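Biologist: Please show me the model, and let us then go through the terms applied to it.

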Amino acid sequence: MKKIVLTGGGSAGHVTPNIALIPSLKEAGFEITYMGSYDGIEKKLIGDFELPYVGISTGKFRRYLDLKNFTDPFRVLKGFVEAKKFLRGYRPDVVFSKGGFVSVPVVRAAATLGIPCIIHESDMTPGLANKMCIPVARKVCCNFPETLKQLPPDKCVLTGSPIRAELAQGSRLAGLNLCGFSANKPVIMVIGGSLGAASVNKAIRDALPKLLMDFQVVHLCGKDKVDNLLLNTSGYKQFEYVKAELKDLFAMADLVVSRAGANAICELLALKKPNILIPLPASSSRGDQLLNARSFEAQGFSLVVSEDELTTEMLVDKVHELYFSRQTFRDAMSGSGQMDSIKTIMGLIKEAAA
């Protein structure tokens, strides 16, 4: 039996593509182990799949001044030692990394042991963690054609992002029952990301009085972000985070308001959900979500609203604009020619493990 170590974490976007690969890996006969941080979100998400989980020390890579910049390198070094110790004993045939700061010590440790590594970059421009892994990777998978120009030509492969098959198998009725919604009123689904998005949450809640006149709203607001004062608001349902229920909420949703993380927007594309993207501004990110959103806007897949210009009135107007032209967006997404990313990535994994 071939062995594979999956790694990636720090946010759900660095875990869900790995989860999407698990059924195909099992079908191909791989023994799977997951490596992540001691208590990160990846540990919680992987817990449902009964896979061996190995926790290591992690540190964050920052582009700004912070006192932790002086201590986190030691945590990363500790994680490297822990990862190398485990990998030396386990001897996997291949490592697949979805990125995030937890992946760096795993990939670098695997490389020192001669274990082939395949990494996946979701955004248009490689993140700092993946930049540190690319030099030792066997192959680098990506989502956008524009990304190919920024990667070593002998390593890069345009694969798209693995999407969980079950997301397309939800029940609209189950979603309506879960939220206590009516079948006679359209539904907006708001996704702020697994860690929440304060500005998006506030904008949606400020707009509720007007939105609820014509829509129902299900709001995935992030950990500890539920507004208790709005718990009994008719037509508005909040969740910190959902797992198995997500497919039913997607099936129920007529429109989606979301951040522009690459994995999130690839799911919207695969499910053909008309959407409004509110990307993280450049002032609080490296600008990757802005690039992702512009690409989708240019292809006719999304409406994009700048967080810096976001107002209650603008959000309400954009929601109505999207709803009345929703079929145009569905048609554009239907013609996108979505690639079979799981099949392509599985081919790379099998080749590396041979």
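Modeller: Contact means heavy atoms within 4.5 Å. This is a predicted model, in which local features need pLDDT of at least 70 and side-chain atom pairs count only at pLDDT 80 or more, while totals for chains, interfaces and linings use all residues. Residues are numbered from 1 along each chain as its sequence is written, and side-chain values use heavy atoms, with hydrogens and water left out.

Biologist: Which residues is aspartate 254 in contact with, leaving aside neighbours within four places in sequence?

Modeller: They are Arg172, Pro186, Val187, Pro274 and Arg330. Aspartate 254 itself lies in the loop between helix H8 (246-252) and strand E11 (255-258); helices (H or I, at least four residues) and strands (E, at least two) are DSSP runs, numbered from the N terminus.

Biologist: Why does aspartate 254 count as buried?

Modeller: Buried means under 20% relative accessible area, exposed over 50%, and partly exposed in between (1.4 Å probe, protein chains only). Aspartate 254 has 17% relative accessibility and therefore counts as buried.

Biologist: What makes E8 and E11 a pair?

Modeller: Two strands pair if DSSP finds at least two bridges between them. Strand E8 (residues 187-191) and E11 have 4 bridges, in the parallel sense, with isoleucine 188 opposite leucine 255. E11 is also joined to strand E12 (residues 275-277) by 3 bridges, again parallel, and valine 257 stands opposite isoleucine 276 there.

Biologist: Which residues cover the two faces of E11?

Modeller: Leu255 and Val257 lie on one side, Val256 and Ser258 on the other, and all are buried. In a regular strand the side chains alternate between the two faces of the sheet.
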